[in-house]
Amino acid sequence: MKNSTSWALTAGLLLAAGPAWSQTTPAAQAVLSGTLRDAATGEALVGASVFVKALGQGTSTDENGAYRLVLPKGTHVVTYQILGFEPQQVTLTLDGDMTRSVKLGAQRQQTKEVVVTGLRAEDNVKKPEMSVNRLDMKTVKLMPALLGEVDVVRSIQLLPGVTTVGEGASGFNVRGGGIDQNLILMDEMPVYNVSHLFGFFSAFNPDAVQDMTLYKGAIPARYGGRLSSLLDVKMRDGRQAERLTVNGGVGLISSRLAVEAPLIKDRTSISLAGRRSYGDLFLKLIPEQRKNQAYFYDLNLKVNHRISAKDQLTLTGYRGRDVFNFADVFKNDWGNMGASARWTHQFSPRLFGSASAVVAQYDYGLGVPNGTQAFEWTSKIRNYTGKADFSYQLGENNTLSAGFSGTRYEFEPATVKSLSAESIFRGLKVDDQQAGEYAAYLDNEQTLGPRLQLQYGLRLSVFDFLGSGTAISDYVGETGQRKTATNTRVYKNGELIKRYANLEPRASLRYTLDLNSSLKASYTRTAQYVHLISNTTAASPLDVWSPSTNNIKPERGNQVALGYFRNFQDNAYEASVEVFGKTMDNQVDYVNGANTLLNKDLEGELLYGQGRAYGAEFFVKKSQGKLSGWVSYTLSRSERQIDGINRDKWYPNKYDKTHSLNVVGMYQLGPRLTASASFAYGTGVATTFPNGRFVYEGLVVPVVSGDARNNYRVPAYHRLDLGATLKNRPKPDRRWQSEWVFSVYNAYSRRNPYGIYFRQNEDNPRKTEAVRLAVFGSVIPSVSYNFNF
């Protein structure tokens, strides 16, 4: 869509809302506001219901557990409830605006297991948002796990529209996008690499995570910077915890421990969680392996302080790292770290605001510590962000949100330090880069009647590529070919080299057909200014992040989605069908034989073109009763067209999967025992295989003719996992509770292909054979022990 069209669409939407913006709450009405929290832990209850049944009016709590409800003045019976907790009914007399905060206690006998909790059961039908999935850790912890490690990213991959290129691959793909097109936030801190152990596990400690929300489309205007999705991970915070609580677990790969405690009663609390694998400890038991190291760890810290009844300060910190050292031969490590400070303030019952400061870094290193070619190689990306967000209740039918943010990026693509006089790596360095990204947004959620509700807004983003005192070149050459540097010049530190600006309108609509069904539609325009440079099928920790430059343009995407949503049997079942279409500009690909590591002329290796993705997602979920779970099926395509590749014709993306089917089920066999199973099936990913060969001096050399790209597919992926959770018998006089978790990964020993390579047959050198590489080719049982007190 052209910028002029975007302007016209946005202007029309904002003008349509103009009369509503001028509304104020009538004198005969008042605003009831406050927060809902878990009485035991002080955690915010996200998506809890606050409603007045006699009026048929209600709302849900936001990500901070806060709610606002416009009601007529007078006396009302207000109900506060969320699944898994005892509801409360309170009679309130509203003579004017009132603040009322409530704590809910857990149900004494919980007979229902919720798969996707945190929302009113009917919100999937009644709210305007679409292309959104939520999971809480109570559900994730019941699902089968690899080697007993409950994993956030693996659970996300079982949702509709989400795929992965295979086991051992970092990250996930959403609606035909690359892994770098997902914005992953951990309490507002961006996470650039979510993998531990080369992608087998994620960087999120399950004991530190409260819940997660995945936006695949209709991304709220307050978020930007990525084309495909937003994964918003909320960490446990133990707000106003009333007593010391400890959670932990011991598994085959790692152990975990999480502590929450009050520092100042009803004012200050702390949450601390840690996890570490111990493969290196076993290596020390083997004499010849004592110098080797192979482990990962992560630490989470969160402190909440209630400054006053209207002010809250939250401090968050994170550090995670992987270390692999093989004696004096090779070493490799990578990790994320970050910190954030967030202040929230209630200016009035109608106006809420927050201000945040965030710093985050991803870095990796590798090298050879000894020998004539000894070296150390490091790479980093770092960002500093400041932001402010405001939400104002304009009236009964309008909630206006606005905010702004600024981010400074620092890129260190590659620095190599020689450790010996003979090393060929002496003095190698790819120049550092820096940039700034700025954004402002305005968003409105508006109800136009009993059937129609809108959410629409506009985000303006600006990106500055800045000088760092190094040489900058333009890269020119024939379209589709490797380009050469020209017009080289030097920019001062902080000097503007190139500025990009994009308008990003967002809009979603819900039309209610009846009490149990609705139609929804959405349009989302996004821009992405940082790019992951990786020309392998599965991204690795050694890939390089690059800003948009004078040569690399920002990626831009437009997505349209239409869906039908319906609930059955008093909201015990929900079903949805969504179709989507997405176009993407300035997609990055590579010339044949591109060199992406330690290349000062990397931008000359890159090619640019168009992308498109389209498909349909089917989702059925059961959230009540002894049996709970979901079935999702996605039919989609993801393609690119880039001059110079595949004879300038469209070709499938390396992460394109036509069919993706996931089935997840959990069954409550008794008060103490829950069984679970998950099945995943997906079309094999696209890859480039030789389609010809020639013989040279008796050697068979495979070749790819016709400039084909991703011309074959690896065999289909499918896998069955089984699990069971057995809770130990609780003792009335003890707080200690524990459980055993059993799982069987890859229950029928499927050898799913990680990759395919070609070699000459040992018996007949003139014959070429394909060899399948499988990460797991057998059943993998595991057991872990969890506890809390």
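This is a predicted model: local features need pLDDT of at least 70, side-chain atom pairs count only at pLDDT 80 or more; totals for chains, interfaces and linings use all residues.

Started with Arg382: at 14% relative accessibility I log Arg382 as buried (buried is under 20% relative accessible area, exposed over 50%, partly exposed in between, with a 1.4 Å probe and protein chains only). Its salt-bridge partner is Glu410, with 2.7 Å between the closest N and O atoms; a salt bridge here is a side-chain nitrogen of Lys or Arg within 4 Å of a carboxyl oxygen of Asp or Glu. Arg382 sits in strand E25 (residues 375–395) and Glu410 in strand E26 (residues 398–418), so the pair ties together parts 28 residues apart in sequence. Glu410 comes out partly exposed, at 23%.

Residues are numbered from 1 along each chain as its sequence is written, and side-chain values use heavy atoms, leaving out hydrogens and water.

Strand labels: helices (H or I, at least four residues) and strands (E, at least two) are DSSP runs, numbered from the N terminus.

Next pair: I found Arg175 and Glu578 in a salt bridge, 3.1 Å from N to O. Arg175 lies in the loop between strand E11 (173–174) and strand E12 (182–186), and Glu578 in strand E37 (residues 573–590), so this one ties together parts 403 residues apart in sequence. Buried or exposed, Arg175? Buried, at 3% relative accessibility. Glu578 is buried too, at 6%.

Then I checked Arg556 and Asp585, whose side chains form a salt bridge at 3.6 Å, N to O. This pair links distant parts of the chain, with Arg556 in strand E36 (residues 555–568) and Asp585 in strand E37, 29 residues apart. Arg556 is partly exposed at 25%, and Asp585 is partly exposed at 26%.

How many salt bridges does the rule give? I get 36. I also flagged a network of them linking Arg612, Arg637, Glu639, Asp656 and Arg713.

Last stop, E22 (residues 311–326): 12 of its 16 residues are buried, so I noted the strand as mostly covered. Strand E21 (residues 293–308) pairs with E22 in the antiparallel sense over 15 bridges (pairing needs at least two DSSP bridges between two strands). The hairpin joining E21 to E22 runs through 2 residues, and Ser308 has Asp311 in E22 as its bridge partner. On to strand E23 (residues 330–346): E22 and E23 are antiparallel over 16 bridges, and Asp322 partners Trp334 in E23. Their hairpin has 3 residues between the strands, and there Ala327 takes a positive phi near 50 degrees.
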